[in-house]
Amino acid sequence: MKSKRMEKLKNNIHDTALIFEGGGMRASFSSGVLNVLLEEEYYFDYVCGVSAGASCTINYLSRDQERARKSFIDIAKYPEFGGWGHFVKGNGFFNAKWIYEETCRDILPFDIDTFNANPARMKISAIEADSALPRFWDKTQLTKLEQLVQAVRASSTLPIMMPPLTIDGKIYYDGGLRNGLELDTARNDGMTRFVVVLTREKNYRKTIQSHRPLLRFYLRRYPKLLKLLAQRHLNYNKTLDELSALENSGHALLIYPEKMAINSSCRDLAALEANYEQGYRQARQILPKLENFLKSN
């Protein structure tokens, strides 16, 4: 039976990219923003995201407000979600196979028909371990549910915290290891205007990771990936500077959380709910600014 949402599928924003930053459970903020966009029928025709932003991307394109909220709040209450018990068993601290490949069929059913019926362009990415190069997927490559959720899982596979994922004989890790913000991806696809949903506060800048020695040991087979990781904070901060310049020139609207009170691995349901509500509230507050930005082209 076809989804009722499929009857309404039309996109009305064709000249601006919607970009979702990664950030694990911090993306509960992004889900609040996402749901306001859907409620107000802001339907972007180009959407991209990486890591947790990939999950937001597919939830947005399937226009599923309930799933968008549950994906970063309710899911954390299940014992299958993760923990050290899962880590010891080799499933990862975050039980990635369950989170991405199993929940889409029961507790978080994904509307693949509506996703496929959405005419928007999409990009999500992961990093191939040996080459340290990104692999990009678009909607035309991910028409089957199994393909889609594996790509999103690959985009979200944090080293150490999740077991690596093999697709077509190649090992993939989190797309955010390259940067975390897909600005260049959108630009390479011809986009010149951007609405960006971030999961860090406005003045945040990334520093060198404190657990680099552990990562060097864990990823010792992948020297190119280690080199990429060493540049990650520089790439990320450079992109933030570019986004600020685009905002100042009127080519970008950046949606930052006023305060990010949780970390990427948060499992506190009340804290996740509050972070979602913050995103929802802020998105409501900036609707006039968003409308003016979209009309200013």
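Reader: What makes the contact between R105 and E146 a salt bridge?

Author: The N-to-O distance is 2.9 Å, and a salt bridge is defined as a side-chain nitrogen of Lys or Arg within 4 Å of a carboxyl oxygen of Asp or Glu. So the pair of R105 and E146 qualifies. R105 sits in the loop between α5 (96–102) and α6 (112–117), while E146 is in helix α7 (residues 145–155), 41 residues apart. Bear in mind that this is a predicted model, where local features need pLDDT of at least 70, side-chain atom pairs count only at pLDDT 80 or more, and totals for chains, interfaces and linings use all residues. Residues are numbered from 1 along each chain as its sequence is written, and side-chain values use heavy atoms, with hydrogens and water left out.

Reader: Why is R105 called exposed, and what is E146 called?

Author: The cut-offs decide: buried is under 20% relative accessible area, exposed is over 50%, and partly exposed is in between (1.4 Å probe, protein chains only). R105 has 51%, so R105 is exposed. E146 has 44%, so E146 is partly exposed.

Reader: Which residues does R284 bridge to?

Author: R284 forms a salt bridge with E39, with the closest N and O atoms 2.6 Å apart. R284 lies in helix α11 (residues 269–285) and E39 in helix α1, so this pair ties together parts that are 245 residues apart in sequence. E40 also forms a salt bridge with R284, at 2.7 Å between the closest N and O atoms. The helices named here are DSSP runs (H or I, at least four residues), as are strands (E, at least two), numbered from the N terminus.

Reader: How do you know that the buried residues of α12 line one face?

Author: In helix α12 (residues 287–295), L287, L290, F293 and L294 are buried. Seen down the axis, these buried residues fall within an arc of 120°, so they line one face of the helix. That arc is taken from the directions from the helix axis to the C-beta atoms. On the other side of α12, P288, N292 and K295 are exposed.

Reader: What makes β1 and β2 a pair?

Author: Two strands pair if DSSP finds at least two bridges between them. β1 and strand β2 (residues 46–50) have three, in the parallel sense, so they meet that rule. I19 stands opposite C48 in β2.

Reader: And why does V88 count as exposed?

Author: V88 has 72% relative accessibility, so V88 counts as exposed. V88 is found in helix α4 (residues 84–88).
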